[in-house]
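User: Please take a close look at the aromatic rings of this model. How do they pair, and what surrounds them?

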Amino acid sequence: ALHQYGGLPAIITVVALFVLCSGLALYYAAALWVYVTYSSKLTGLQKNMCFAACWTFAELARAQWWTGFPWAAIGYAHVDGVLSYAAPWTGIYGLCFISAFMSCALAQIFFKRKTLSHRWVVCLAVTVVCLPAVRDINTNGPALSINLLQANISQDTKFRTARLPALEWYQTALFDSNSELTVMPETALPYFKHELPDSYWDTLEKQTVADKKFAIVGIPTQDSDKGYGNSAIGIGGLQEMQYDKHHLVPFGEFTPDLLRWFTRMMSIDFGDFNRGDADQSAFTWKNHKMAVTICYEDLFGEELAVRFIDPANAPTLFVNLSNIAWFGDTTVVKQHLDIARMRSLEFKRPTVRATNAGGTAIIDAQGQVTKQLAPFTRGQLTGVVHSPYQDITFFAQWAGRWGLKPIWLICCGLMLLAVLRGRNHSENS
């Protein structure tokens, strides 16, 4: 991402990644220092609670401080397991707490109790936790036919050359689509509207209206009041709708003033975007309310929860537009897909994802991938998505009002109790 596509010198790329990883590791080092220092006098249950609090504190710090880097939270490892049943109640960081608590408890049993029976208990518990969750595919609720476009444009040409053939492919795919909703990926059209070929945008709008279809198009925008935006525009309805990305990527989409020298070394056309509002209106089409997210915004479930504060306007469908071709053929494609599945589990809402190169998929309201396009191929994924649930999950209710503050308070409170108890034991001894 930095060297091959960003043009950053190799040695600076290595140093930058080392600094980033070292900085994120400090969260865990500091939190677990608290555990190691103050847990020796705690009982078994108290130790488990303290470890879970320390680990989850580190996960929260990584997820929210310095814009947030929540990519590899351990709760995502359970998206297919029985612990995922807790997602609509606790959210991803509640799953982190539960899995860390169980890990500490099992480790204590396995290493401190030498009898064979105790070890069998651990093996059985691990087996149960790793069992796949059983969920039926629910086809109740309003249905919407969709077409998700994946052009598979190489990242090193996306913003520089060979853009016109991509525009032609997207236009043809949209016009030929028989689906009620067609979705293009993030910055599918890598031009501002006024830079597009003559009549290109007008033709898209007129054709979608004439065919009674709706399309969501990833495109950069320029506004005299709001400035530049990484946006998704909905066309085909009574009026044009626009969503501007709220949670921007540091260095890729905005740069702190003190670090602008760093991005000047990278050969990426787009610099600073302006941040959209947290609670933007859903795109409405055929009785569906679509909450749009762009790229890694769907890692922040607490920000999505804000859109559920008003039940009457709560989303019925998540639509994610992504371009993760920056990372090539790596685990990122699978990871991002699992992250989107967790959002569906948390809110009991289906998700559709249109990506440039991989991860284009339809996910039902129970977090199951019902259909997926092969990564790193050009194609269209057609299917039907159902919105069987209209209720607001418990996680959406509390996270929409208070964000992640309840989890923060629980973790900080447990850590503080461990510190106070550890100090009291030290003073008494």
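**Aromatic rings and their surroundings**

The charged end of Arg378 sits over the ring of Trp169, at 5.2 Å from the ring centre; such a charge is NZ of Lys or CZ of Arg within 6 Å of the ring centre and within 35 degrees of the ring normal. Lys348 likewise lies over the face of Tyr389, 5.3 Å from the centre of that ring. The model is predicted, so local features need pLDDT of at least 70 and side-chain atom pairs count only at pLDDT 80 or more, while totals for chains, interfaces and linings use all residues. Residues are numbered from 1 along each chain as its sequence is written, and side-chain values use heavy atoms, with hydrogens and water left out.

Turning to pairs of rings, a search of the whole structure gives 19 aromatic pairs. Rings of Phe, Tyr and Trp (its six-membered ring) pair if their centres lie within 6.5 Å; planes under 30 degrees apart count as stacked, over 60 as edge-to-face and the rest as tilted. One of the pairs is Tyr27 with Trp65, edge-to-face, with 5.6 Å between centres and 85° between planes. This pair links distant parts of the chain, 38 residues apart: Tyr27 belongs to helix α1 (residues 10–38), and Trp65 to the loop between α2 (44–64) and α3 (87–112). Helices (H or I, at least four residues) and strands (E, at least two) are DSSP runs, numbered from the N terminus. Tyr27 counts as buried because its relative accessibility is 14%, whereas Trp65, at 37%, counts as partly exposed. Here buried means under 20% relative accessible area, exposed over 50%, and partly exposed in between (1.4 Å probe, protein chains only).

Trp65 also pairs with Trp408, in a stacked arrangement: 5.8 Å centre to centre and 15° between the planes. Since Trp408 lies in helix α12 (residues 405–428) and Trp65 in the loop between α2 and α3, the pair ties together parts that are 343 residues apart in sequence. Trp408 is buried, because its relative accessibility is 15%.

Elsewhere, ring pairs join Phe308, Phe318, Phe347, Phe395 and Trp398 into a cluster.

Leaving aside residues up to four places away in sequence, Cys54 touches Ala31, Leu32, Val34, Tyr35 and Met415, where contact means heavy atoms within 4.5 Å. The closest cysteine sulfur to that of Cys54 is in Cys50, 4.0 Å away, which is too far for a bond. The structure holds zero disulfides, a disulfide being a pair of cysteine sulfur atoms within 2.5 Å.
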